[in-house]
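User: I have a model open and want to go through its chain contacts. Can you take me through them?
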Amino acid sequence: MGLFLAQLLTGLANAGALFMVASGLSLIFGVTRIVNFAHGSFYMLGAYVGYTLMQVLPGMVGFWGAILLAGIIVGLIGVIVEICVLRPVYSAPELFQLVATFGVILVIQDLTLMIWGAEDLLGPRAPGLKGVVRILDEPVPQYDLALIAITPFVAFALWYLISKTRVGILVRAATQDREMVGALGVNQSWLFTGVFFLGCALAGLGGAVQLPKGGADLLMDFNILTSVFVVVVIGGMGSLPGAYLAAVIISVLNVFGVSYMPQSTLVLMFVVMVVVLIFRPFGLFGKEEVAGEHGQVGEPERPIKPAGLRVRMLVLAGLVLLGLIPVLGSNFAEVLATDILIFCLFAASLHFMLGQGGLVSFGHAAFFGGGAYVAALLVTYADTPMELAMVLAPLGAGLAAVVIGWVCLRSTGVYFAMLTLAFAQLLWSLVFQWGDITGGDDGLVNIWPSAWASSNTVFFYLALVICVGGILLLRHAAHSPFGYALRAARDSARQAEAMGIHTKRIQWVAFAFAGAMAGIAGGLFVFSKGSVFPNELEIARSFDALIVVFLGGVKTLSGGWVGGASFEAVKDYLTRFEYWRLALGLLIIGVVILAPEGIVGSLRKLGERIGFLNAAEDKR
Amino acid sequence: MQRKTFLRGLIGAALLAGTSPAAFAQSGEPIKIGEINHYKRMAAFAEPYKKGIELALEEINAEGGVLGRPLEFIFRDDQGDPGEAIKIAEELMTRDGAVMLTGTILSNVGLAIASLAGEKKWVYLAAEPLADAVTWSAGNPYTFRLRASTYMQAAMLAEAAAKTDAVKYATIAPNYAYGKDAVAAFKEVLTKLKPDVEFVAEQWPALFKIDSGAEVQALERAKPDAIYNVTFGTDLAKFVRDGNTRGLFQGRTVYGLLSGEPEYLEPLGDEAPEGWVVTGYPWYDFNEDDGANKTFVDAYQDRWGETPKIGSLVGYMAAESIAAAIAKAGSTETEAIRAAFEGLPVETPVGQITYREIDNQATMGAFVGTTALQDGAGVMVDWTYLDGADYLPSDEEVKKLRPSE
Amino acid sequence: MSAVLTVEHLSRAFGAIKAVDDVSFSLEQGELLALIGPNGAGKSTCFNMLMGQLKPTGGLVRLNGEKITGLAPRQIWRKGVGRTFQITATYSSMTVVENVQMSLISHHRRIYSMLPYAHRLYRARALALLDTVGMADQADRHCAVLAYGDLKRLELAVALAHEPKLLLMDEPTAGMAPRERIALMQLTADIVRDQGVSCLFTEHDMDVVFAHAHRIMVLNRGQLIANGTVDEIRNNPQVQEVYLGGGMLFNPADGPAGTPERETGHA
């Protein structure tokens with residue numbers, strides 16, 4: 001009994017910091033609809049700033065003052081980010097802002113490294129709260145008890161702010177109906193800035209308040225990000241009580257998981273999330289999103305047409321140039337081009353379902369890595385020849401997509417995205433955990449192409465044919481009745497259903513199709529690298545693809561591969577410098593601000609202005 | 001290519017592929033070594049490692065380099081991504097003119113490069129990765145490893161553990177391949193030495209996401225006599241703090257793999273645990289009797305104005321090993337270097353090590369000692385240096401472990 | 001004449017509120033039937049049940065004698081029911097003609113086809129349909145830039161692509177200028193006459209209703225209070241009471257018939 005109570009208290013104490021960070025993310029999403037990937041970075045900043053302040057400010061007052069100040073300082077940093085980075089792109093297509101926040105992550109990572117150095121910092125202990133209290137003979141740290149006491153207080157203060165003050169009422173109104181608040185004459189941009197301040201301050205507070213339980217290190221931004229997203233989604237995006245309840249559920253379950261199923265640490269929270277979302281597709285306290293037929297911001301998407309003769313000639317010329325790489329370039333040029341081609345196909349497959357279907361997936365790496373693992377497992381355990389493995393890779397990935405898509409498509413919008421993330425993470429932990437078969441994170445090695453394709457040149461041509469073929473196939477699919485039906489389901493599900501289109505099924509097929517195409521890329525990948533590791537299933541890989549699709553331009557047909565090619569090439573160049581993350585982050589932010597329609601969208605505009613392309617009807 | 005700040009890089013972009021010729025004007029073209037590491041993602045570990053390499057290079061080149069040519073490392077960041085590392089390896093070997101590859105801390109990246117090395121027939125010296133697979137199950141003739149592997153270090157601790165009365169053991173290790181290997185090796189060796197031991201709990205926190213309060217409670221619940229710890233970095237810091245607060249370590253011996261390395265012990269400050277039996281690097285304790293160890297520590301502190309880490313030593317030894325191999329080979333041809341590495345003896349700060357012919361594993365050992373607090377910092381006392389050669393399985397077993405041969 | 005649509009005791013309650021209460025009627029082939037009533041009378045709820053977007057809490061809907069209650073909108077559409085929406089729903093990323101082609105592709109059950117170019121399929125037929133509604137000259141315009149009235153006409157063409165036996169039009173003229181309204185209803189009446197289609201529509205604008213409907217039903221607070229010819233309805237005291245009481249005149253001066261009410265049952 002004593003142990004049970006002590007475990008419960010541990011869970012409740014852990015929920016504290018998690019709730020603060022999650023409530024901040026939830027608030028920001030609720031009001032601004034921005035999925036703030038950089039939220040973990042603000043949490044990390046809170047820890048570092050708090051650490052520094054605690055070195056300066058002495059005693060008990062200094063300790064708590066440092067935590068409070070850390071929150072305020074991080075909030076102000078958030079304001080700077082909001083004004084400089086996000087404000088210029090509010091009118092961009094939905095979710096485009098997450099690309100900007102991704103750039104912010106990179107910038108903050110390098111700046112933190114510059115300022116505080118690489119070494120992990122052990123957080124100072126709270127003055128006066130260093131010991132334990134014996135409860136039923138079980139030791140419970142005093143600081144844990146302090147956290148358990150503080151968290152409801154923070155939650156209550158937030159609740160009061162949101163439900164009892166005028167500002168709070170505006171915030172709540174904005175979560176319900178943004179346009180209406182604008183119509184009421186409230187300056188929407190300052191409301192957004194204020195909410196961003198509050199959200200980031202909460203993240204900073206969470207980072208500072210956990211210092212006595214841990215410390216500050218450079219990996220904590222990504223480490224907390226997934227848990228925070230899970231909490232927010234389980235609670236329901238935008239719901240504070242939901243975030244609190246979910247933080248408690250996750251933390252407490254985790255404590256018991258650690259004790260009774262020690263191996264469960266990787267998957268537990270994702271399993272909980274999947275279960276919750278299956279029964280409550282919008283989280284415990286969330287409401288259905290009003291992402292709607294009329295909710296699209298930005299310019300309407302243009303009708304698509306197969307490329308004209310001029311563009312076709314241009315593409316053909318480009319392909320000829322690509323084909324000449326082995327003649328003109330070095331061996332490394334072939335390797336780099338192979339890498340880029342594979343990534344382009346991966347990005348294009350995501351772009352197909354995101355651009356044509358409006359299905360934003362945060363877990364597309366499941367199918368890229370899935371395809372890679374299918375091929376690698378076949379080679380390792382069945383001595384399958386490369387050719388067959390490459391055919392079976394997309395089949396395996398497609399099958400996985402059929403199953404995962406069936407569950408995920410019960411939800412929509414951000415919840416759909418989070419479900420895909422959860423499944424990618426489940427697949428990742430399966431591969432990671434099941435070391436006997438998959439090699440765990442030691443991966444599967446020595447998976448090389450058949451003899452005829454083992455030279456870099458031949459493999460490059462193989463990749464060229466398959467990837468360009470795949471991208472053209474995706475492109476053709478967009479012009480086919482299937483692609484049109486998919487777009488119809490996205491443009492107006494109401495009308496599509498009323499003309500006999502089973503919208504969920506068409507999205508399901510598209511999901512599986514995109515998964516299979518990603519699987520082709522994965523199959524090629526494993527033979528080009530000779531090995532595969534769980535990294536290929538990681539969230540970071542999914543985000544890579546997502547970022548390039550947005551950078552390339554969602555509302556264009558070529559956004560996926562153009563974004564992929566530019567991003568990979570730029571990254572290959574930038575990583576040669578010491579502070580490449582800073583440079584890449586700033587570059588991403590720059591592209592987001594200067595070209596909110598993505599690279600292709602902006603190039604198209606340029607092309608129209610100089611008369612190379614025919615202008616859109618609404619611009620004439 | 002030298003590491004540059006981004007601004008300088010932009011200015012010098014045109015000279016990207018260039019080296020720094022002025023520094024090596026002495027004689028002939030430099031011999032280039034491709035060094036791939038996670039300089040950003042694991043900065044705390046990679047920076048001392050790099051400084052160790054640079055120190056060794058300065059010494060080697062001051063004495064005329066290798067084969068009359070200066071030795072040069074090309075440092076590249078792979079972001080901790082195996083696929084990226086493969087691409088960079090290709091570039092280093094085919095475009096930048098590197099004669100062999102070295103580097104990586106993370107085992108998975110090391111394994112990826114090892115696989116590439118075997119396929120392309122390039123020599124790769126895995127300096128830091130600990131995974132047993134690098135030289136055993138995934139070993140190949142072109143891949144060599146410097147550091148004592150997980151198995152070797154775990155065996156050293158198991159040997160120490162077998163001498164005590166403790167019977168009931170609990171383990172805590174990060175939930176990934178290194179942690180699993182480390183626990184498996186410890187169990188295997190300890191059970192062999194002392195068949196009546198019992199493992200009463202196995203805790204597997206996710207790497208760098210430990211829920212230390214819960215883990216400590218779970219360990220306490222199992223009431224073990226002793227604990228075997230494999231966590232490191234921030235996980236270790238949290239585990240130690242919660243364990244101390246809740247009294248987990250009272251009356252129990254803890255065996256900590258790598259826990260005595262400065263990388264992990266220093267951040268703990270005055271909260272460093274006392275009385276743990278650990279592998280690590282007691283650089284602060286070297287005196288004139290320790291000869292080359294002392295010389296290295298002094299030289300390192302002179303050069304960089306900071307204290308060495310275990311990574312510094314490994315980096316230094318990696319550069320020394322490569323220089324020795326090329327000198328022995330008498331050429332920069334891959335096959336010659338590979339052949340030279342087989343059975344290569346190298347004089348290092350920790351004494352002579354040998355790259356075994358049987359599995360390409362170096363016999364570098366580890367320092368084993370007990371932790372204590374001195375002047376508010378954790379240190380190792382009563383340490384000894386154990387030669388790695390004594391903690392490897394028999395030759396027959398090793399042969400079985402290398403399926404590729 | 002035989003009944004195309006038969007509705008028996010159709011009911012729908014939202015909690016304690018009976019939005020549609022025991023409504024029964026039938027629609028003959030080639031008939032243009034109007035369903036009118038003040039705001040909140042239950043017209044849209046009724047429509048959404050006929051189309052399958054909302055499940056009734058009681059009652060039956062038959063199409064040519066076959067029960068269609070409980071079917072999904074796409075299944076009801078397959079059986080030959082076309083509809084237009086109160087708030088237009090078109091594919092804004094396509095051209096005008098492609099919107100119609102999309103319907104034709106579905107009509108021919110080729111939505112999963114990946115081989116042909118969609119914009120080449122059934123283009124001639126689509127243009128003919130656009131011609132029917134007078135939109136042929138705008139065929140290749142971007143749907144997102146169309147005027148509202150044009151979108152309404154486009155929707156009609158889209159609905160006709162499936163050669164429906166029954167056409168359900170929810171406030172087809174809402175949001176249009178008076179001249180456009182009359183033109184659109186005239187067009188609908190022509191189609192009903194020429195193609196033998198049956199049509200049920202709701203409408204706020206009484207001019208439109210009395211000018212074109214063959215028969216009129218009046219819904220008030222979920223109940224059908226009258227069902228008869230134009231003259232019968234015009235002279236029905238109960239109807240007058242409802243409308244005068246509701247502050248609405250039969251022959252309002254010019255001006256819109258009020259903003260379209262929010263679609264119920266869609267959420």
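Analyst: Contact here means heavy atoms within 4.5 Å. By that rule, 72 residues of chain A are in contact with 70 residues of chain B.

User: What are the ground rules for this one?
Analyst: This is a predicted model, where local features need pLDDT of at least 70, side-chain atom pairs count only at pLDDT 80 or more, and totals for chains, interfaces and linings use all residues. Residues are numbered from 1 along each chain as its sequence is written, chains are lettered from A and ligands numbered from 1 in the order in which they are written, and side-chain values use heavy atoms, with hydrogens and water left out.

User: How much area is buried between chain A and chain B?
Analyst: About 6,300 Å², with carbon and sulfur atoms giving 54% of that. Buried area is the accessible area (1.4 Å probe) that two parts lose on being put together, summed over both.

User: And how many salt bridges across the interface of chain A and chain B?
Analyst: The rule finds 7; it asks for a side-chain nitrogen of Lys or Arg within 4 Å of a carboxyl oxygen of Asp or Glu. One of the salt bridges joins R246(B) to D144(A), with the closest N and O atoms 3.1 Å apart.

User: OK, chain C. How many residues does the contact with chain A take?
Analyst: 41 residues from chain C and 37 residues from chain A. Chain C and chain A bury about 3,500 Å² between them, 61% of it on carbon and sulfur atoms. On the chain C side, R74(C), Y91(C) and M114(C) lose the most area to chain A, together 21% of what that side buries.

User: Which residue forms a salt bridge with R74(C)?
Analyst: E497(A), the closest N and O atoms being 2.8 Å apart. The rule finds 1 salt bridge across the interface of chain C and chain A.

User: Switching topic: which residues have the most contacts inside the largest nonpolar core?
Analyst: F362(A), F341(B) and M102(C), in a core of 420 residues. A nonpolar core is a set of buried Ala, Val, Leu, Ile, Met, Phe, Trp, Tyr and Cys residues joined through side-chain atoms within 4.5 Å, and buried means under 20% relative accessible area (1.4 Å probe, protein chains only).

User: What does F362(A) touch?
Analyst: Leaving out residues up to four places away in sequence, F362(A) touches V35(A), F37(A), L98(A) and L546(A), among others.

User: Which residues does the second, separate core include?
Analyst: That core has 27 residues, including L5(C), F47(C), M51(C) and I76(C).

Technical notes. Buried means under 20% relative accessible area, exposed over 50%, partly exposed in between (1.4 Å probe, protein chains only).
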